[in-house]
Amino acid sequence: MQSRKSSTIELILTFGVIYLLTNLALSHFFPETFGGKIPPKVVILTSQSRSFRSGNDPIITIKNETDHDLVLPKRCPQPPINISRIEQRDGKEEVVDLMPNTSVLPCEELLLVKARTKESVNVGSWKYSLFEHPGQYQASLDLEPPFVGTGTTMASVRFSVVEPGMFTKLFRTFIARPLFNGLIFIGSLTPGHNLGVAIIILTIIIKLILIVPSKHALEGQKKLQLIQPKMDEIKKKYPNDPMKVQEETMKLWKEMKINPLQSCLPTLLQLPILIGLFLVIRDGIHLTTSKHLIYSFYQNLPSDFFSHTFLWFDLMKPDLYTFPILLVLLQFIQMRMMKIGRAHV
């Protein structure tokens, strides 16, 4: 009888301790849900990154967590939010407001951030006038009631603009810039400087250049597939001796004249080029925001150099129906072609 009471008391104590610890953990890690605290409803500015490389587009997000729509003032040709530069003078921090009078792209007003929503502000149109020099910057927004109690306050976020690192400079110099200027050159030869036609031609040229490394990669994969049964036999023969398995595998590769890097190294070499091609296609629409990639003899091209109409598509406007279907079909065709290519290697 005494042991039953002791067991019951231990069970109750154990349950109580677990319950308290669980509540403490939940209230600590999820205070908004389990802490019994109602989070303040505020307007928050956040930066997509703590630091942006020179030439990249800084993107600021306005998050309206209040129950009221946030109406922003008309500011064109200035950006929708205040941009300041943080400077150090005589050991003291000084906030210097920047007031650009022009934007390289047509200024679009952001006049409303609805309640409990967020909007992204891309200040890339002003990056050459605002963020020409590396340093620390501040994006801010003046707020008045009902978004604050009384008076006027400011929501702000700070970020840095930094010089590109060595790898970024190499990537831009040997991949992004040649591809981007190649797109411009091809576009200059097409009727009406059609961007869609230029992208197709540039993509075909890149694919032709990558045929040789792609073929080597497929050959390496085919060889590895052919010796896979023998590799499985080696693993079964020496299940408890990984060093012996490695040694026999190396012998097998040597006998069959197989280079294990042949299947992956060509693919790795293609990746920077494919990434560069993606970035060029993405940024090719707006020459004025990609001046850091354009060679000097193309710097004076007009912003409307490219025609954005291809067939019945406007490349400036996303198509949510046709393009996804075409993408699936082309992906299927590519997979079939790759399968046929492997079979003939």
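Me: Why is Q78 called buried in this predicted model?
Reply: Buried means under 20% relative accessible area, exposed over 50%, and partly exposed in between, with a 1.4 Å probe and protein chains only. Q78 has 17% relative accessibility, so Q78 counts as buried. A note on the model: it is predicted, local features need pLDDT of at least 70, side-chain atom pairs count only at pLDDT 80 or more, and totals for chains, interfaces and linings use all residues. Residues are numbered from 1 along each chain as its sequence is written, and side-chain values use heavy atoms, leaving out hydrogens and water.

Me: Which residues does Q78 touch, not counting those up to four places away in sequence?
Reply: Happy to list them: M99, P100, C107 and W126. Contact here means heavy atoms within 4.5 Å.

Me: What makes a set of residues a nonpolar core, and which residues have the most contacts inside the largest one?
Reply: Such a core is a set of buried Ala, Val, Leu, Ile, Met, Phe, Trp, Tyr and Cys residues joined through side-chain atoms within 4.5 Å. The largest has 25 residues, and I62 and L70 have the most contacts inside it. Two or more residues each come from β1 (43–47), β3 (59–64), β9 (135–143) and β10 (153–162); strands are DSSP runs of E, at least two residues, numbered from the N terminus. Another core lies apart from it, with 22 residues, including L195 and L287.

Me: How many of the 345 residues in the protein chain are buried, as a percentage?
Reply: Buried residues make up 30% of the chain.

Technical notes
Helices (H or I, at least four residues) and strands (E, at least two) are DSSP runs, numbered from the N terminus.
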